[in-house]
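Have the model open and follow along.

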Amino acid sequence: MVALPKEITVEESYLEGGGLWGWLTTTDHKRIGVLYGLTTLVFLLIGGIEALLMRIQLARPDNTFLSAHLYNEMFTMHGTTMIFLVVMPVGLGFFANFIVPLQIGARDVAFPRLNALSYWIFLFGALVLNAGWLANVAPNAGWFGYANLTESYYSPGLNIDFWTLGLLISGVGSVMAAVNLLATVINMRAPGMTFMRMPLFVWSVMVMFVLILVAFPPLTVGLIFLMMDRFFGTHFYRAVAGATPLLWQHLFWLFGHPEVYIMVLPAFGIMSEIVPTFSRKPLYGYPVMAYSTALIGFLSYGVWAHHMFAVGMGPVADSAFALTSMLIAIPTGIKIFSWIATMWGGDLKMKTPFLFALAFLIQFTMGGLSGVMHAQPPIDLQQTDSYFVVAHFHYVLFGGAAFALLGGLYYWWPKVTGRLLDERLGRWNFWTIVIGFNLTFFPMHIMGAEGMPRRVYRYPGDMGLNSLNMLSTIGAFLMAFSVLILLINIYKTRRRGAVAGPDPWDGRTLEWSIPSPPPAYNFKNIPLVRARDAFWREKYGYEQPPTAAPAPAAAQAVEHIHMPPPSLYPILIAAGITMTGIGFMLWPRIVVTGLVLTVFSAIAMAFEYPEAGAESEASIGPATGLDTRKVGIWCFIGSESLFFASLIATYMIYKGRDLVGPTAETILNVPLTTTTTFVLLMSSLTMVLAQDAYRRTDRTWGLRWLFVTIVLGLIFLGGQVYEFASFYHEGLTLQTNLFGETFYTMVGFHGAHVAIGVIVLAVLAGASLAGWFKVRNRDVAVEAAALYWHFVDIVWVVIFSVVYLMRAIAKA
Amino acid sequence: MEDLHPSVIIGVLALAALYIGAVRASGRRVTPFQAAAFAGALIVMLLALCGPIDELEDDRLFVAHMAQHLMLCLLMPPLLLLGLTDWMVRPLLLNRWVRPAARLLFNPLVAFLGYNAMLVAVHGPRLYDLMCRDDAVHITIHLVMMAAGVMLWWPLFSPLRELPRLNYPAQILYLFLLLIPMAAVAAPISFATSVIYPWYLEGPHPFGIAPLADQVAGGLLMWVGAGFYVICVATLIFYQWAQRDDCDDPVVRRTTDLRAAKSH
């Protein structure tokens, strides 16, 4: 946790003060949450307008409102925007970011500046993704961008490049946010807040964070391959060179299916908060709910190929994936029934959030049922790429996720702004959107069953689809009207709405125990958690049912509160990364500027505040006893493992499919690499010695061992450069064959990791020379760097075994 | 019956005798659950290595061989560990010579990586084929599998406080992570379009099952079957956690930290 000796004693809302500069440099999780919220709202409007334009085009048969080209861009950007720029970031960036620290009794997230960085990267990535509109080259290959279609010979324009780059950049932001928030949940829980007492919203988003960490790497790898195919002429997805475009589908859906749960888990969490609060009963079956959440996370990683029944994987694989897909219905069903059981016999308060929760329950179940239908391959073969599927996933993602998110918005809005949204307008909002939604999407089931295909920009008038399509378009405009009501509601109540007070709904969880909007430091005193539904129990005592009036919280002396300081570097780093990306695509000249800006800002941010790292946080120790930075590195390593696993898996899959030489059998220099491998392993040993020396505060030896580690790392890198150069000399380039591209990519990315490790160690060595380590407890920085270093070494052991050892064994 | 391998019978009987001897000699008692678990482990061992499963495996049925391995790696070790008591294991593992090795091998990270390295190595085409042809190699690998299985399950079912279990959330995460290498090994076997291990092509197959279909079934047994088993274990552990971690305990954890916070 970063700390600044700026002491806040005035109880002023987090929204006040600082001006524009304050918002640009903010590290307050609540402000960052609001920034995410506003950004996603803007993209909701953009994505919504794209949907309306499509519905206008489809309102009548043989319509000429949109050209085929524009229509392709519309459905691609509608899907991509709604998934990557609206539903996911509103769950991750707004709800989780804002609410999680409040619900676990923390003053901020684990790494406040990283949090700001995640937001800015997300924003810039989102802008890059949409930049194509300006030059009329918006992405146009569908939200899942199937390979072949995205290759340069089918999509020669910049359209796909905006898509690839935008997703890569915003993906980095998502992974950072997940690392940060996961470390927050693991380590920053208030005393007494055990996992079994955590609000279910926190449980749900915790599973979501894990899913983001494991699901994004395959997408990143897939996008990197696509970029290399487009920019460097490799053949990762090109059958011409023996590769298969199906690789993209596997990588994409390995991400894509967990992504569905990434979007829907926050909705589950919100449901589990709203339903008990407005039923005035504890959540039914808490442990079962928590476990079914985790189980959904488990299972979602084993079902990706149900998106691929139509590619012909064979009956066995189809059956296996049908089985695992249908298994997911079990934990999901458990949740539905637990929510119903929570309402059963409850004292139901029919406020807007609860109405949305009820709608979620019904509509999501309908989406789930059509999902079970096409979990069966024979039915899926009929329904795939038809409007039936469009109906299905809109019932899941709009009738499901978005309704719950809207309910969450009405529920937590008073906490965010201090004012309640208007109930009457809320009801109008609710009924128009529910009716509009069903009017839009229910007919699509029938259209799909009648055979109307997805992603086709017009249809003939004699197919019996005319009135259904018109109905659907009318529904879409009703929904647009409903969103307008929401905006009016927000505008109207922002200044003149009813003042909410700290606890407008008679809530159950800790966020309702503090003022609305909360002060910058959230909790004056870190709360003591003695029960599940902590705040409810404190209000009403420990007996059911609630009888006594809420007891006033005991006033205690204010401690000195250190808050994370503002920082300009997050936005600079994000700008640097974006510049690098754009330069790569359009103006190679600015790549170097971007890289320099990124590296300089990152290093500057590391040493921005001299107090960082000294344990000045007086309040409480980490919940697990592990240093929070190490927990963060562990989470990051978890994600990185999947990144390398995807690269290594690709190497294995493409092994032996080369059409031309030279291949591993002829070209690898095993003795040389064995030597450099030995050198790298030795560097792990010297790293341990350095760690140990710093722990003993022996900075002289610490610096020496650090230096040796750097030199060993550099020797390894030198060996790699020599190896690459000699291969190149022998005629193996990135474009030669599958071995060349998979080998260079995998080994090259590992080399890049070693190089980053060397830079980090060099920076630490410089800091050590400058006497930075004289402050107590800073040796954790060395330990965190060491964790990363050892991880990179272990990855090399795997790569070495897979590439070099296997070849040596094959020869022997 | 030719498949009643004397080495297996002797091994199982020796383990049973050791267990009973240890209980007798110590004068202490084991709970019926522990005795039953240990007996279960021995029965699983016998069933896997001497029964019809073994016979079918010898007759070139890949799915039977997979079932045998899964029993040895995933079923036997948890039962074995649940059957042992701390006073039995302590003198064996915590004496001066074994202690450092035990500390290393039963470290969760080492155990996890060690088991999965074994998993990957055994399914390499060359080693697997060699194992099918050579009895000595085969027996060695089965012993290694059981040892690696005990390593794998130690962090979940350790009978020793000195080499403790992981905490509950970590146990569940550990099982979740186990699914990944398991799928990574099983998926290529399930998806392969030709028979990977030549030994299965060199003779008639029982029941007339085609070698490729047999291989797919084996791959799926590990992927879906064993995956489901692992999830079931995780479920049991979760409910144990939910039960143990009393949700409304007025006594708060980390009281020392709190006292510090309050004294401000």
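## A buried asparagine

A:Asn429 sits in helix H14 of chain A, residues 423-450; helices here are DSSP runs of H or I at least four residues long, strands are E runs of at least two, and both are numbered from the N terminus. With 1% relative accessibility, A:Asn429 counts as buried. For that label, buried is under 20% relative accessible area, exposed is over 50%, and partly exposed is in between (1.4 Å probe, protein chains only). The side chain of A:Asn429 makes a polar contact of 2.7 Å with that of A:Tyr410. Such a contact is a pair of N or O atoms within 3.5 Å; within protein, one must be able to donate a hydrogen and the other to accept it, and residues adjacent in sequence count only if both atoms are side-chain atoms.

Before going on, a word on ground rules: this is a predicted model, where local features need pLDDT of at least 70, side-chain atom pairs count only at pLDDT 80 or more, and totals for chains, interfaces and linings use all residues. Residues are numbered from 1 along each chain as its sequence is written, chains are lettered from A and ligands numbered from 1 in the order in which they are written, and side-chain values use heavy atoms, leaving out hydrogens and water.

## Salt bridges

How many salt bridges are there over all chains? The count comes to 23, taking a salt bridge as a side-chain nitrogen of Lys or Arg within 4 Å of a carboxyl oxygen of Asp or Glu. One of them pairs A:Asp503 with A:Lys539, with the closest N and O atoms 2.7 Å apart. A:Asp503 is in the loop between helices H15 (466-496) and H16 (534-540) of chain A while A:Lys539 is in H16, so the pair ties together parts 36 residues apart in sequence. A:Asp503 is partly exposed at 21%, whereas A:Lys539 is buried at 6%.

Over in chain B, B:Glu202 and B:Arg133 meet in a salt bridge of 2.9 Å, N to O. This pair also links distant parts of its chain, 69 residues apart: B:Glu202 is in the loop between H10 (168-191) and H11 (211-244), and B:Arg133 is in helix H8 (residues 125-133). Back in chain A, salt bridges with shared partners join A:Arg280, A:Asp347, A:Lys349, A:Asp503, A:Asp506 and A:Lys539 into one network.

## Surface patches

A:Phe678, A:Leu681, A:Met682, A:Leu685, A:Leu689 and A:Val797 make a nonpolar surface patch of about 490 Å². Helix H21 of chain A (residues 670-695) gives the largest share, 5 residues. A:Leu681, in H21, is partly exposed at 39%. Patch members have over 30% relative accessible area and no salt bridge; like charges are joined within 9 Å, and nonpolar side chains (Val, Leu, Ile, Met, Phe, Trp, Tyr) within 5 Å.

On chain B, a patch of negative charge gathers B:Glu55, B:Asp58, B:Asp59, B:Asp134 and B:Asp135. B:Glu55 belongs to helix H3 (residues 52-58) and is partly exposed at 37%.

Most residues other than glycine have a negative phi, and most peptide bonds are trans. A:Ser516 and A:Pro517, though, are joined by a cis peptide bond with omega about -10°. A:Pro517 is in the loop between H15 and H16 of chain A.

A:Asn148 has a positive phi, near 90°, and lies in the loop between H4 (112-131) and H5 (159-187) of chain A.

How values were computed:
Accessible areas come from the Shrake-Rupley method with a 1.4 Å probe; for residues, only the protein chains shown count as cover. Lys and Arg count as positive and Asp and Glu as negative; His and the chain ends are not counted. The place of a charge is taken as NZ of Lys, CZ of Arg, CG of Asp or CD of Glu.
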